[in-house]
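Please look through the sequence and the structure before reading on.

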Amino acid sequence: MPLITLITDFGNKDHFIGKMKGEIYSYHYDAKIVEISNDVSPFNIMEAAYILENSYKSFPEKSVHIIDVDSEKTIEKKHIVVFLDNHYFISSDNGILSMLTQNINPEKIYEIIINDDDNGLVNSSTKIFAQVASHLVRGGKPELIGKEIGHLKSVRNLKPFINKESNQIVSSVIYIDNFGNVITNLKKSVFEEIRKARSFEISVRNYTFKKIYKKYSEIVNYNIPSNERNDEGKGLVVFNSSGFMQISIYRSNPQNVGTASSLMGLKIYDSVTISFK
């Protein structure tokens, strides 16, 4: 049976995630719900997009993914259903899904036309998204709850900038994970295509790196006795398991060693520059 997944910025303190799950069960008692993350930073569509891109393919085809981040409906921000890569995605048309559509064209895009009752309260996406997800996971047709539209809104800084001489890439920070690792929008495939075996220098604020490691522990010199090593706290660059360039601190810990984000003062949309020689 297809699943319903949730990516939200609701957190776990308040009632919001419980309310959404209750709404889904009220429409479809036998629904199977997986909470991918409820800890997206408030209104941070870039974080939500990164989490979505790196999780949805692990689920069965025809699964329905609710991305409830920055989802208040306005005249400029519709509620939508997108059928892409044999999965359904329900979200606000605020740019979240444009990361997926960089490499995979959506088969269908629908504006959701069902509406919650106007009860004079703050507009909530919860009930509408729950109703649509329940309809789709039972095999309902999206055209029964939406009208087809032609395009999605895009979000800035999804793709790195490459200068016309192809000797410099300017990438952007798109995600900071639980370990404080700083993830950029530069994929390994693009890096290698532009690099063409040239040497390089990665610049981020006042830090420079001239090597990309294959794994974190590669920074350790195991020829030195363990009690004489001083590897914890060193900065390094890797391509993470999703293929994105990542700046890390070896065995980082926010409580003592610090993280790439905290030590380098990096945040979402900051630039990381790669120069080739």
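## A pair between helix and strand

With which residue does Glu 35 form a salt bridge, and how far apart are the closest N and O atoms? The model is predicted, and in it the partner of Glu 35 is Lys 21, with 2.6 Å between the closest N and O atoms. The pair links distant parts of the chain, 14 residues apart: Lys 21 belongs to helix α1 (residues 16-27) and Glu 35 to strand β2 (residues 33-37).

Glu 35 has a relative accessibility of 34%, and the relative accessible area of Lys 21 is 24%. Since buried means under 20%, Lys 21 at 24% falls in the partly exposed class.

## Two pairs between β6 and β7

The structure holds eight salt bridges. One of them joins the side chains of Glu 148 and Lys 108, at 3.5 Å from N to O. Glu 148 lies in strand β7 (residues 146-148) and Lys 108 in strand β6 (residues 108-112), so this pair ties together parts that are 40 residues apart in sequence. Lys 108 is partly exposed, with a relative accessible area of 35%.

Another salt bridge is formed by Lys 147 and Glu 111, whose closest N and O atoms are 3.8 Å apart. Lys 147 is in strand β7 and Glu 111 in strand β6, so the parts tied together here are 36 residues apart in sequence.

Most residues other than glycine have a negative phi. Which residues depart from this? Arg 205 is found in the loop between β11 (200-204) and β12 (207-209). Its relative accessible area is 49%, so Arg 205 is partly exposed, the cut-off for exposed being over 50%.

Asp 70 is another case, with a positive phi of about 55 degrees although it is not a glycine. The place of Asp 70 is the loop between β3 (64-68) and β4 (79-84). Asp 70 is partly exposed, with a relative accessible area of 22%.

## Helix α3 and its surroundings

How many residues does helix α3 have, and what distance does it reach from its first C-alpha to its last? Helix α3 (residues 126-137) has twelve residues and reaches 16 Å, close to the 16 Å expected at 1.5 Å a residue. Just after α3, Gly 139 takes a positive phi of about 95 degrees.

Why is α3 described as largely enclosed by the rest of the structure? The reason is that ten of its twelve residues are buried.

Key:
Residues numbered from 1 in each chain as written. Predicted model: local features only at pLDDT ≥ 70, side-chain atom pairs only at ≥ 80, totals over all residues. Heavy atoms only, no water. Helix = DSSP H or I, 4+ residues; strand = E, 2+ residues; numbered from the N terminus. Buried < 20%, exposed > 50% of the residue type's maximum accessible area, 1.4 Å probe, protein only. Salt bridge = Lys/Arg side-chain N within 4 Å of Asp/Glu carboxyl O. Expected span 1.5 Å × (residues − 1).
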